[in-house]
Each structure stands twice: as C-alpha cells, then as structure tokens.
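Open the model in your viewer and keep the selection tool at hand. Each stop below tells you what to pick and what you will find there.

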Amino acid sequence: MARKDQTPNTLHKGLKNRHVQMIALGGAIGTGLFYGSASSIGLAGPAISLAYLVGGLMIFLIMRALGELSVDSPNSGSISYYAQQNMGDYFGFISGWNYWFNYIAISMAELTVVGIYVQYWFPDIPTWLTAFGFLVLITCINLLSVKLYGEFEFYFAIIKVAAIIGMIILGLLIIFTGIGNDGVPTGISNLFDEGGFMPNGLTGVVLALVLVMFSFGGVELIGITAGEVETPKKTIPKAINQVVYRILIFYVGALLVIMAIFPWNEVDGNSSPFVQIFDSVGIPAAAGILNVVVLTAAVSAYNSSLYSNGRMLHSLARQGSAPKFLQKVDKRTGAPVPAILVSSGAAAITVILNFLFPEKVFSYLMSIATASIVINWTMIMISQIRFRKRIGREAEKKLTFKLPFYPISNYLVMLFLAAIVVIMAYIPDYRLALVILPIWIVILSIGYIVKRK
C-alpha cells in the first residue's frame, strides 16, 4: 500500500536537513580530491590551491543560481525540469539526458578507482572484478528507501569529512613537531623549494583548472534532492551556503598540508596522494586508514551518482522524455526501481572498460565527465536568466534566495566554463571528450525529433 501522503509513481519526501548537507558535501569530496588531485598537483604544483579558489568561486555562483531555482520550485528533475520550464522542451530533454550521461561517466570513474584502492592491499585482484562487486552492492542500497539511502550517505560523508580533518591535524603535527618523521619538523619549505610555489607558471594553474572543476562535480546534487526534502525552502539555502566554503577549506587546506609534507613533484599518481604521502613519512597505519577512507569516498560518490541518475531518469519519464516504465516508483520504498536498474546497467560498462583498458580508462572517463558537466552548469546559468525574465520584476522582488550580482554572475560563469572547454583541447587525455560530446548532443537532438514525432 502506498502511504496516504503519496500518489502513485511519486518520490517520497524522506530526506532531512542533515542528509542534504552531507549528501552535497559527500558528493563533491570524492575521487577528484583523493585520487584526481595527483594529476592537478603535477600540473600546478603547490599553486593548485589558487586553482581551487578560483574554481570554488565559480561553483558558489552556480550553486546560488541552482538554489534560487530549487527554492522557488523544488523538483527531483532539477536541471532538466528548470531547463524545460524556462527554455523549452528541447533544452529540458537535452539537459536531462546529458545530466544522466554525465553521472554515468562519473559512476564509471568512481568504480574504476575503487579497484585501484583495493589493489593497495590486494594487488592481484583485477580492477574490473572489484568494480563489479561494488556496483552490485551500491545498486542494492539504492533500491531501498530514500531515507535509508540518506542514512548511508550521511555516515559515508561523516567518515570522509572526519578523515580529512584528522589528516590536516596530523599533517600540521608533522609540519611543526616532526611526529612520524623521526622528530624532525618538515616545515613548509616544500611549498617553495621545488621550483617555487608556481613551478610551472600560470600555464600550469590554468591547465589544472580543468581537473579542479571535475573535482567539484557533484555539488549540484543538492538540486536533485530538492524533490525529496521535507522542508526545501529552509534546507536548500542552508545547505548551499555552508557546503561551498566547507569544500574550499577541505580542498585547499588538505592539499596545502600534504604538499608541505611531501615534494609536489614526487607524487606519482599510482595511488591516492594522501595514502602515498603518509606511507612515505613512515606512518603506515595512517596510510592504511586513509586508504579505507578514500575507498569509502569512492563508494560514497558512486552511491550519490546512482541516486541522482535514478531520479533524473524518473523525472525524464514523467516529462515524457524517457520511456514510461522508468517513472514507476516502488510503493513501499519510494525508490524509482526501473530507473535505478537501467542506470546501474549503463554504469556496468565500466567493468568491460577496466578489463580492456585498465591503464587509461580513468583519464578518459574523467575528461568525458568534465565536458558534460560543463554543459550542465551552463544550463543552470541560462535557466536562471530565463527564469528571472519569465517571472517579471514584481515576482523577482519576492524571491527569498537570490543569485548575487545577477546577471553579471551568469555571464562571468559562462565565460569561465567556455574557457574550460578551450583549455581541455591542450590536455591530450581530454581531447577525446571534445569529440564525443558533440556526437552525443547530435544523438540527443535526433532522439528529441523522434520523440516529437
């Protein structure tokens, strides 16, 4: 029997403020920080912190734009729903399917690094086998009630946040007291000794922005949760305002600490930089614990990705942009079961990719995810502009949660995102995405034409 307050095929409102806070925070603290940061450190050195500050400012503006839309009209379709409402059916169709595609790429990237982390303890286990095991496990979790999903993600995120704080504290002790380094304080000279704070110049920082923006992918999950939050008008603004500065502290603070302990040019990228560094300073217990944490982080990020993909497919089906069976919701759990299973099946392609291309698959998936998420963020900024024009000046005055410096903020962010796409052309592993994405948009456009007919 469906609950009395639910109608058929309607998602249940089972997420509380603490769930949304941690889901948003946990969604952005994952592979980008714990594994992908090795590549960005290699490009920018210690100056990677500057790239995170610039990227964080852009993310803050994107999230405020999304927050304005979510508070006014909470909907689990998020980007797709707002694009359809404010830009038309075509853009709603494109943005919804692109969002789904983006999180499939992110899901596959997360499953890939799960295998890499497990190899820290069991080097003989192939990454494809580990990816398959965790895919099945997380799919089962998502098929349970949304409240239970929220609880899983809440504690996953707590583990990540507590670990980063603990790592920063331990790192500061190594820097200033020498604990774990034979009592010799490392100081902060590593931030300046190996070629200076900006060893590869401004070019390195600019190139690293691409990888930085991948790291921030996931914060927009707040918009997806809006349709299942008990008090969205109170919860969403609080979550957005708090999450962004917390992420900056965790990213910038954590990376500055590890680069002060360990020369930036010796980070090899074969494992998480966090694990490698604590291994190198003679604290294997800390390295092992951190490897548990980074494994949890990857599983958590995949958990969030599958959650958002299931909700997006469900929303697309309700809009008439996806097969009708995908809008079915389990009456008992409130989970969109068919949409979750289809999304999980698509992510399972990563098992094959890890079997065929174990060395390169993560870089390629990261590039595709970055390119597609740029489209998502651009859609948010354009939707917010159209939203303001659609509601008129009188209604605009009544908005309780506004994007600051509108419309200058919108154009600044879109110019920045366009620059990210151009920069991607200068990074060999990212050029593949610049070929795949236009083809994907053409396929979606054909799909939209077929749908209309």
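Is Ser95 buried or exposed? Select Ser95 and show the surface. Ser95 is buried, because its relative accessible area is 0% and the cut-off for buried is under 20%. Keep in mind that this is a predicted model.

**The whole chain**

Zoom out for a moment. The protein chain has 19 helices and 0 strands. It runs to 453 residues, and 59% of them count as buried. Now consider contacts between residues with a separation of 6 or more: 81% of these in the protein chain join residues 24 or more positions apart.

**Stop 1: helix 6**

Select residues 89–118, which form helix 6. Check its length first. At 1.5 Å a residue, its 30 residues should span 44 Å, and the end C-alpha atoms are 44 Å apart, so the two values agree. Next, colour helix 6 by accessibility. Of its 30 residues, 27 are buried, so helix 6 is largely enclosed by the rest of the structure.

Go back to Ser95, which sits in helix 6. Which residues does Ser95 contact, leaving aside neighbours within four places in sequence? Show Ile79, Ser80, Ala83, Asn376 and Met379; these are its partners.

Move along to Thr112, also placed in helix 6. Thr112 has a relative accessible area of 2%, so Thr112 is buried too. Show what Thr112 touches, not counting residues up to four places away in sequence: Thr127, Thr350, Asn354, Val361, Phe362 and Leu365.

**Stop 2: helix 6 against helix 19**

Helix 6 passes helix 19 in a right-handed crossing.

Now show the side chains in the contact. From helix 6, pick Asp89, Tyr90, Phe93, Ile94, Trp97, Asn98 and Phe101. From helix 19, pick Ile436, Leu437, Trp440, Ile441, Leu444, Ser445, Gly447, Tyr448 and Lys451. Colour by class: the contact of helix 6 with helix 19 has 11 nonpolar, 3 polar and 2 charged residues.

**Stop 3: helix 4 against helix 10**

Hide that pair. Select helix 4 (residues 48–72) and helix 10 (residues 201–216). At what angle do helix 4 and helix 10 pack? The angle is about 50°, and their axes are 9 Å apart. Helix 4 and helix 10 are therefore oblique to each other. Helix 4 passes helix 10 in a right-handed crossing.

Bring up the contact residues. Helix 4 supplies Ile48, Ala51, Tyr52, Val54, Gly55, Gly56 and Ile59. Helix 10 meets them with Val205, Ala208, Leu209, Val212, Met213, Ser215 and Phe216. By class, the contact of helix 4 with helix 10 divides into 11 nonpolar, 3 polar and no charged residues.

Stay on helix 10 and click Thr203, which is found there. Thr203 has 54% relative accessibility, so Thr203 counts as exposed. Draw a C-alpha to C-alpha distance from Thr203 to Leu43. They are 160 residues apart in sequence and 8.6 Å apart in space.

**Stop 4: the loop between helix 17 and helix 18**

Select the loop between helix 17 (361–397) and helix 18 (408–424), where Pro407 is found. Zoom in on the backbone. A cis peptide bond joins Tyr406 and Pro407, with omega about 0°.

Step to Phe405, in the loop between helix 17 and helix 18. Phe405 has a positive phi of about 60°, although it is not a glycine. Is Phe405 buried or exposed? Its relative accessible area is 67%, so Phe405 is exposed.

**Stop 5: helix 18**

Carry on into helix 18. Its 17 residues should span 24 Å at 1.5 Å a residue; the end C-alpha atoms are 25 Å apart, which agrees.

Which residues of helix 18 are buried? Select Ser409, Asn410, Val413, Met414, Phe416, Leu417, Ile420, Ile423 and Met424. Then show what surrounds them. The buried residues of helix 18 pack against helix 4, helix 10, helix 17 and helix 19.

Methods
Residues numbered from 1 in each chain as written. Predicted model: local features only at pLDDT ≥ 70, side-chain atom pairs only at ≥ 80, totals over all residues. Heavy atoms only, no water. Helix = DSSP H or I, 4+ residues; strand = E, 2+ residues; numbered from the N terminus. Expected span 1.5 Å × (residues − 1). Buried < 20%, exposed > 50% of the residue type's maximum accessible area, 1.4 Å probe, protein only. Axes fitted to C-alpha atoms, helices over the stretch in contact; angles between N-to-C directions. Parallel < 35°, antiparallel > 145°, perpendicular 65-115°, else oblique. Left-handed = near helix turned anticlockwise from the far one by under 90°. Contact = heavy atoms within 4.5 Å. Nonpolar A, V, L, I, M, F, W, Y, C, P; charged D, E, K, R; others polar.
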